[in-house]
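Here are my notes on the model you asked me to look over. Have a look at it yourself before reading on.

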Amino acid sequence: VNGSNIPAAALAALLLATGAAPAEDGLLAVRAKRILPVSGPPIDDGVVIVRGGRIEAVGQVPIPPLARVIDAGDGWVCPGFVEAHAQTGLDRGNEQVPVVPFVSALDALDPSHPAVEDALRDGVTTLLVIPGNQTQVGGQGILVRPRGRTVEEMLVRRGAALKLSLEPVRGTTRAGQVAALRKAFREAVEWREQRERRRAEAAAAPGGTAPGDDPRRQGLLDLIEKRIPAVIYAPLALDCRNAFSLADDLGFNARFVLGDDCWRAADALRARQDAAGGDEVLFALDPSLEAIDRDEDRDEDRVREVAGILHRAGVRFALTTDDGPGPSRHPWYQAAVAARQGVPRDEALRAVTLNAARFAGCADRVGSLEPGKDANLLVLTGDPLSAGTWVDRVILEGEVAYDRREDRKLKRLLEGESSAPGAPAGGGK
Amino acid sequence: VTARAIRTAAAAALALLAPAARASGPGASDPPVAVRAGTVFTGAGTLSPGVVVIERGKVVSVGRSLPASATGRVVDLPGGWVTPGWVDAASTAGLPEADEFTREVTPSLRPLAVFDPSAREVRRALAAGVTSLFLEPGSANVVGGLASVVKTAPGGDGGTRVVKADAALKIAFGYDPTSGNFPARGIPANIYARRPTTRMGVLAVLRDAWLLGRLAGEGAEDPGRAAVARAAAGALPVRVHARHAEDLRALLRLREEMGIRPVVEGATEGWRVAEPLSKAGLGCVVGPIAWPVSGRGPEGTEPALDNAGILHRAGVALALTAGGDPANLRDQAALAVRYGLPRDAALRAVTGVAAAHAGAGDRVGTLAAGRDADLVLFTGDPLEPASRVRMVIVDGEVAYDDEEAK
């Protein structure tokens, strides 16, 4: 356009009026009735400015003239959900052999698995994909975005964590499980000492060759040498103590995925969190948020509301989802259940966004709407915790990665295979 | 108004009611209690605000404001909701086992006889606001037995509050009655050898049973044949479990020959035959709504998440079931609305219509003068998973109190 003598704003207004604005590449403004940045209070009638895949500004700020505008109307905007502990896209969760520090989810994640697409449809923009709980040293997890034709395209960070589990594998007792973990670590430590010795010897002797790395040991060495953290599964309250001492004795960084029994350990969890200091999120909760507390003597049982109990104990946590047919597969539902259990709604949303990002070690990039972070945000039809709210659009690193109006599969899921193409999908509001 | 204020107000008012009610049961001397809430769903429509007056275990009146003649206490839930007790219109909760495998035709089977109201899932159902169950045999038999309507709150004679003992005769189409049966080839050698082994075999066995029942007549000594005869004569409602469109079409053909107008249960592929079902005037009980993780539903059906909405829009009288743990009925209603069922239809599907399909609409499922005083008090919109059940009242008594349960 040859308009060098026309004021830029006037030009922009003219172009907007004719609907032919040549938006600046990578400059995006998302306008919504309500923005939930999670890192701060809600903003009504606000805007998120995105430039080059990152968030530039959030608030009641002017829209740059050359920005492409997405107007959410009465919709809400919140950060993309973060899945803190998932087996999404893995054909199976674990190896049969229980000590496999050398395997990585990187080598198994299928980008075309339906669960990957479902995650995006649900508004998940970052996942820690990591081996499952039926293991001892289960292998390495990776951070991914639910988009890409190859795992490399999906990859945000490899070697994000090493999976350990205190759930006894088949044929093992709880004590045996802990002993097996300690043995694996002892062997790794001994091997490392031996290697250091041989390296020193080789350096001292002229013409000596130093021993190289052993890829089979690398996962455990990375952990011991604090290059990656552990994610330890602790299904029962009693496992928490073992998980803590395992991490402390060997001096590695650890996060903990807690089974629903862990409401009993609320005080110990709080003490661990206080000792760690800062705003770290050390815990992620299993998808089951209701524990049956059985009193054999009185032949009674009570439902213990895990998220509510831990919140009241001052424990910060991430919520996770499952991959079953029920609603607990959706992050919004898990957050709503936490809210029902007495967790304030903003805290419940934090548990599936910023807390999950902190747990997964990626809060520097995602989890909240703050300038400088990746532009991962959801355009929602309303309150994220409401059952009637849909994810209308997912903006992933500044690009629209999902649009419900174009989601043919959702339409087919809703209406059956005979549904005619064209109409917008979803019950909506 | 905060949730705490609601709790306090409700607790204060009902604390007075509870001991008296418990001491005397649903007796003659209970004073009237008015429950006033921001929103009252009556099972048919919505009042905001609304007031329900209950006395001696029954609903006395329902209106927008407190009747001038009202005496007794008032329970206030300004930001809360009141609904009728919810009804799971297809349940096997509280049964040690639901399927009898020795024969494929067991019309005299009565799950009511072994129902345990103290079973964990029944207590959880009560705490979730589900106060009545259509209690039925499983779907393993062609003719499964007699379903009943019971309340989830313990009480009554023998520990169970029975709303209706003979609510319907249960029939199952499709593959469920064939699963695990003796293979088609070879000679059946023991009592576990059951017919049928195919879909058409199921229908043949059903015709046999119907013929024998009709020949025996309603006065037959054999209680099973008498039950079939009553069903064939229209004196006993019939419930048919059928998931596939083919089974639903078979039912549409067979119903005139059999002389029945059943309520259909399952109907996973109901969305394929919604119009014919509606034209035939057959009600449906659908659920559970499940995300098709493997791409398919039970029995290899093709599910549609908005099955309930499609059936409703076609004019089918629709109820929902949790299809397992009745405590999940609220999730079912919320998901049905998410996927396209109108809100009011969803609430009716777990109250008024569910009770009607269970054959107990004259007692439960709606709030109207003369109905059982079964009420659920919610802290907010019952279709939001974030809302909480504050209190459950059954026959005018506090059967579950959230504050006490904590």
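1. Conventions. This is a predicted model, where local features need pLDDT of at least 70, side-chain atom pairs count only at pLDDT 80 or more, and totals for chains, interfaces and linings use all residues. Residues are numbered from 1 along each chain as its sequence is written, chains are lettered from A and ligands numbered from 1 in the order in which they are written, and side-chain values use heavy atoms, with hydrogens and water left out.

2. Chain B overall. I get 11 helices and 16 strands for chain B; helices (H or I, at least four residues) and strands (E, at least two) are DSSP runs, numbered from the N terminus. Of its 406 residues, 59% are buried (buried is under 20% relative accessible area, exposed over 50%, partly exposed in between, with a 1.4 Å probe and protein chains only). Among contacts with a separation of 6 or more in chain B, 67% are between residues 24 or more positions apart (contact means heavy atoms within 4.5 Å).

3. The eight-stranded sheet. In chain B, eight strands make an open, mixed sheet ordered 6-7-8-9-10-11-12-13. Strand 6 (86-91) and strand 13 (318-320) are the edges, each pairing on one side only, and the twist averages 30° from one strand to the next. Two strands pair if DSSP finds at least two bridges between them. Strand 9 (residues 160-172) and strand 10 (residues 238-242) of chain B run parallel and are joined by four bridges, with B:Ala172 opposite B:His241.

4. Helices on the sheet. Helix 5 (residues 245-258) of chain B lies across strands 9, 10 and 11, at about 155° to strand 10.

5. A buried glutamate. B:Glu265 belongs to strand 11 (residues 263-266) of chain B and is buried, at 5% relative accessible area. Leaving aside neighbours within four places in sequence, its contacts include B:Lys170, B:Arg239, B:His241 and B:Glu136.

6. B:Val82, in strand 5 (residues 73-84) of chain B, is buried at 0% relative accessibility. Beyond four places in sequence, it touches, among others, B:Val35, B:Phe41, B:Leu77 and B:Leu377. By contrast, B:Leu215 in helix 3 (residues 199-216) of chain B is exposed, at 66%.

7. Salt bridges. Another links A:Glu415 and A:Lys411 (3.0 Å, N to O). Which of these two is buried, and which partly exposed? A:Lys411 is buried at 7% relative accessibility, whereas A:Glu415 is partly exposed at 26%. Over in chain B, salt bridges with shared partners form one network that includes B:Lys58, B:Arg161, B:Asp372 and B:Glu397.

Definitions and conventions
Axes fitted to C-alpha atoms, helices over the stretch in contact; angles between N-to-C directions. Salt bridge = Lys/Arg side-chain N within 4 Å of Asp/Glu carboxyl O.
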